[in-house]
Amino acid sequence: MTQNHHEEVAGLLLAAGGGRRLGGRPKALLTHRGRPLVEHAVEVLRAAGCTRVHVVLGARADDVRARADLNGCVLVDNPDWAEGMGSSLRAGLASLAGTGARAALVSLVDQPGIGPAAVARVLGAYEDEKSLVSAAYDGTRGHPVLFGAAHWADIAATATGDRGARAYLKEHAAQIRLVECADVAAPYDIDTEADLRHLE
């Protein structure tokens with residue numbers, strides 16, 4: 001894949017969640033390997049080859065800006081973050097309009113078990129603005145997902161509540177290229193106190 005190809009795909013990190021089940025600690029600021037989780041997640045996207053990274057912030061966005069080094073990222077505020085992931089996906093896709101990006105590689109801030117190897121595989125399956133690609137774990141669809149720009153408007157129109165793009169992906173399952181990643185990544189979420197054991 002040419003470097004040129006990489007520049008057509010923007011990394012879109014959804015980092016707006018309020019960590020309701022974590023006593024209201026925003027997930028972006030949980031510490032992993034001595035740094036805020038959001039920094040770790042940005043680094044994963046960059047290491048995988050995304051040169052442009054947009055980060056959607058919501059819960060305690062000012063604290064995240066103050067405490068995390070997000071240099072070189074485009075920061076997108078989602079005032080409606082409490083409505084769920086769908087609103088963050090919509091805000092993120094809207095922020096990519098006019099940037100020249102032909103696809104968005106969407107990752108979640110609370111999945112530190114998914115590293116550059118898995119993200120690079122999904123990125124490597126990108127062809128053009130009609131691409132729909134998803135990481136799979138033992139055959140089950142997971143993150144990251146890549147949406148060609150041809151799909152953005154319809155995804156934004158159907159992304160409500162916490163469903164994000166789930167409804168759209170279900171409807172277009174036949175078009176999705178699944179990229180198996182279970183050998184290089186673990187797709188756990190950091191949602192509850194018990195999940196904090198995954199952080200280092």
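Biologist: In this predicted model, what makes K170 of helix α7 (residues 166-171) count as exposed?

Modeller: K170 is found in helix α7, and its relative accessible area is 68%; exposed means over 50%, so K170 is called exposed.

Biologist: Which residues gather with K170 in a patch on the surface, and what is the charge of that patch?

Modeller: K170 gathers there with R141, R163 and R166, and the charge of the patch is positive.

Biologist: How do you know whether E39 is buried or exposed?

Modeller: E39, which lies in helix α2 (residues 37-48), has a relative accessible area of 14%. Buried means under 20%, and E39 is therefore called buried. Leaving aside its neighbours within four places in sequence, E39 is in contact with R67, A68 and D69.

Biologist: Why is the pair of E43 and R35 called a salt bridge?

Modeller: The closest N and O atoms of E43 and R35 are 3.1 Å apart, and a salt bridge needs a side-chain nitrogen of Lys or Arg within 4 Å of a carboxyl oxygen of Asp or Glu, so the pair qualifies. E43 is partly exposed at 44% relative accessible area, and R35 also counts as partly exposed, at 24%; each value falls between the limits of 20% and 50%.

Biologist: What makes R65 and D77 a pair that ties together parts of the chain?

Modeller: R65 forms a salt bridge with D77, their closest N and O atoms being 2.6 Å apart. R65 lies in helix α3 (residues 61-67) and D77 in strand β5 (residues 74-77), so the bridge ties together parts that are twelve residues apart in sequence.

Biologist: How many salt bridges does a search of the whole structure find?

Modeller: The search finds 14 salt bridges.

Biologist: Why is G100 called exposed?

Modeller: G100 is found in the loop between α4 and β6, and its relative accessible area of 57% lies over the limit of 50%, so G100 is called exposed.

Biologist: What makes the backbone of R60 and of D138 worth a remark?

Modeller: Most residues other than glycine have a negative phi. Phi of R60, in the loop between β4 (53-57) and α3, is near 45°, a positive value. D138, in the loop between β7 and β8, has a positive phi of about 50° although it is not a glycine. R60 counts as partly exposed at 40% relative accessibility, whereas D138 is exposed at 69%.

Biologist: What kind of peptide bond joins H143 and P144?

Modeller: A cis peptide bond joins H143 and P144, with omega about -5°, and P144 lies in strand β8 (residues 140-148).

Notes: Residues are numbered from 1 along each chain as its sequence is written. This is a predicted model: local features need pLDDT of at least 70, side-chain atom pairs count only at pLDDT 80 or more; totals for chains, interfaces and linings use all residues. Side-chain values use heavy atoms; hydrogens and water are left out. Patches are made of residues with over 30% relative accessible area and no salt bridge: like charges are joined within 9 Å, nonpolar side chains (Val, Leu, Ile, Met, Phe, Trp, Tyr) within 5 Å. Accessible areas come from the Shrake-Rupley method with a 1.4 Å probe; for residues, only the protein chains shown count as cover. Lys and Arg count as positive and Asp and Glu as negative; His and the chain ends are not counted. The place of a charge is taken as NZ of Lys, CZ of Arg, CG of Asp or CD of Glu. Helices (H or I, at least four residues) and strands (E, at least two) are DSSP runs, numbered from the N terminus. Buried means under 20% relative accessible area, exposed over 50%, partly exposed in between (1.4 Å probe, protein chains only). Contact means heavy atoms within 4.5 Å.
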